[in-house]
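Please read it alongside the model.

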Amino acid sequence: MNQGLILKFENLVQLRGACRQLCTLSCRKVYRAQWKPVQSAAHPVWSILLYPQFSQKDRLTSIASLQCRPLATKEETKKKNKKIPQTKGEVEIRRKMTIKELARAMGKDVDHIYEALLYADINLDSLEPDSVLYEDLIKLIVKKSGMKYKSAKLKEEKERENTDAVKRPPADPAVLTPRPPVVTILGHVDHGKTTLLDSLRKTQVASMEAGGITQHIGAFLVHLPSGEKITFLDTPGHAAFSAMRARGTHVTDIVILVVAAEDGVMQQTIESIQHAKNAGVPLILAINKCDKPEADPERVKKQLLAHDVVCEEFGGDVQAINISALKGENLMVLAEATVALAEMLELKADPTGLVEGTVIESRKDKGKGPVTTAIVQRGTLRKGCVLVAGKTWAKVRFMFDENGKAVDAASPGIPVEIMGWKEVPSAGDEILEVESEQRAREVVAWRTYVEQQERMKRDVEVIEAKQKEHRVEYEKKQQKLAHLTWRQRKAVLYKANKHLMFSRPKERTEMDKNVLSVIVKGDVDGSVEAILNILDSYDADDECKLDIIHFGMGDISETDISLAEAFNGVVFGFSVKANESIKQLAAKKGIKIKLHSIIYKLIEDLKDELNSRLPPSVVENTIGEASVLNIFSVTMGKNKIPVAGCRVQKGLLDRKMKFKLIRNGDVIWKGSLSSLKHHKDDVQVIKTGMDCGLSLDKHIDFNIGDQVICYEEKEVQQTTSWDPGF
């Protein structure tokens, strides 16, 4: 062991003894204690006699004073004497412990911890009994004390009883009754899905959609002349609404794939086929726009063969019907094919008992509050039913059909709009009826608890990973400074970080310029989901960071403006409104509100905002080029200035502009000219084909063959490299 460390250790032990004697004497009335210097055998150190020399009188006084100790409460005595039980020399440790807590856990005194810390690379002067030690240091102390450690277990919460609501067991086949088929219309954007539904319903849904593009899931019940009922789901075909299409196929019985005869198979057509396959749902092919001259239905059927969609005429099981949704041609043939396939599937459901269903779409209506469009899959939904979906519940107040008419009951397979929700559930959530409002609250509380536990688990994993990463970085830094004393290390770290303390405000301002904070508001849950899915694909954080600070449903509110002001953000609204007072408030605070009803226009506007946050790039625009044909030197005072005799090959040389000198393809100088002459006359401009003499603002020797380029710098606005995919 190092001799200096031994000296330090012995001095510390003797100082410890002295401190103990001082503590003992402070509790007694000692009037004349006799102090004598004591020398250690190896090293002289001033110390206190273990037992001071007292006179007889003083000794009696001391003994009497021992009887007068300060009184302590029972709680203090118990706390002081309490010892943590140890198992086979093991110490229970936590990630953070004070020196006092560690000493108590080890059954030692605080001085023992200080002695063990001599082996650690730490400044003892800065430590107090209440100072916090971290896990690595705690483990070192326990090891040096010849003991083992184990992590203390967190207090385990009493396991909560699962109070979630679950589906009922399968119904008795005897109680099952026929139900309308649920048919989802899928296909590429603008291939005529909504027009087809219009023709079947004799309505004008397409004319109400922004840009003629469906941007929500619409659930409609169609009554055929034959008396049959079919529930249709009209899904968006736009690329942004992939999640909506997937959700539509999971509640459907039959998929009608609409393909335009003149366009053929497109990107969303292929995606729709995949959704149907994943859900295990049979297909009916509707080849639309067959009335157009360029229509080619046979080409469509052949293209679909590459995607395992084989029509009946090619030996497959997919019915193919040529239609014209706009003119109403062959629509009844398509309806009959759908009914025939539904009969083959023998679609039945249990209309009794507790209700089960699925949320197709949800929104927040200004007058009605949270509203959902749902399809009942089991049971009969009536007013007063208590429903649970996701982490919210409802007592059904009113129900409406697709035409806005109030209905009293909805049987399986019937789409219905439900009022009475406490919060807006997410589209795709399962709806379950429960016995009472109290039971609904229990279910929601349990689901919220489960989500919190999962989130905490994920957070712990992230924290541990970050701690490990920071620990590795810290150890690397410590290794670099291992040869220095702790004071030297402190000085080095201070010097290294000093400039950061002064540059933080400036850095923050620069950072804010390269961050676009956005608030997204939509009319329904599916629209917000589609926009967020697009924004999730953003991959240009190195250019400008995109930060979604809030999203939700409903019109633009004062809270949205306050958030945008706090984060210097922009409010994007999709199919929502902002009243005049909100617009005035936003204008007063300098907040932008961007309202759109077509999703791709919203994304284009978002890209423009991103572009505006990017710093402009400097582009050099060449004005003229000249070649060095001869070299001169001019004496001015005591200095010789190199002069190049040049001829302009292209464009012109303008003395006001910037210049650069190129030699063998490399730029060796950039700057401005100190002189530009033509036949001994100072000039401002030299045109193509003219000779001139020029000198630079810096002493640089010319070579014959050098190129002199005249250029101007222009700032050009950068554009983001992010491609949302449409």
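## Helix pair

Axes are lines fitted to C-alpha atoms, for helices over the stretch in contact, and angles run from 0 to 180 degrees between N-to-C directions. Helices (H or I, at least four residues) and strands (E, at least two) are DSSP runs, numbered from the N terminus. The model is predicted: local features need pLDDT of at least 70, side-chain atom pairs count only at pLDDT 80 or more, and totals for chains, interfaces and linings use all residues. Residues are numbered from 1 along each chain as its sequence is written, and side-chain values use heavy atoms, without hydrogens and water.

Helix 16 (residues 558–567) packs against helix 17 (residues 580–589) at about 10°, with axes 10 Å apart. That makes the two roughly parallel (angles under 35 degrees). Glu 558, Ile 561, Ser 562 and Glu 565 of helix 16 meet Ile 582, Leu 585, Ala 586 and Lys 589 of helix 17 (contact: heavy atoms within 4.5 Å).

## Barrel

Six strands close into a barrel, in the order 13-14-19-17-16-20, with antiparallel pairing. Strands pair if DSSP finds at least two bridges between them. Neighbouring strands are turned by 50° against each other on average, direction ignored.

Strand 14 (residues 369–378) pairs with strand 19 (residues 415–421) over five bridges. Thr 373 stands opposite Glu 417. Helix 13 (residues 437–480) lies across strands 16, 17 and 20, at about 5° to strand 16.

## A loop residue

Asn 123 sits in the loop between helix 5 and strand 3. Its relative accessible area is 13%, so Asn 123 is buried (under 20% relative accessible area, 1.4 Å probe, protein chains only). Thr 485 is 362 residues away in sequence, yet 9.7 Å from Asn 123 in space, C-alpha to C-alpha.

Conventions
Angles under 35 degrees count as roughly parallel, over 145 as roughly antiparallel, 65 to 115 as roughly perpendicular and the rest as oblique. Buried means under 20% relative accessible area, exposed over 50%, partly exposed in between (1.4 Å probe, protein chains only).
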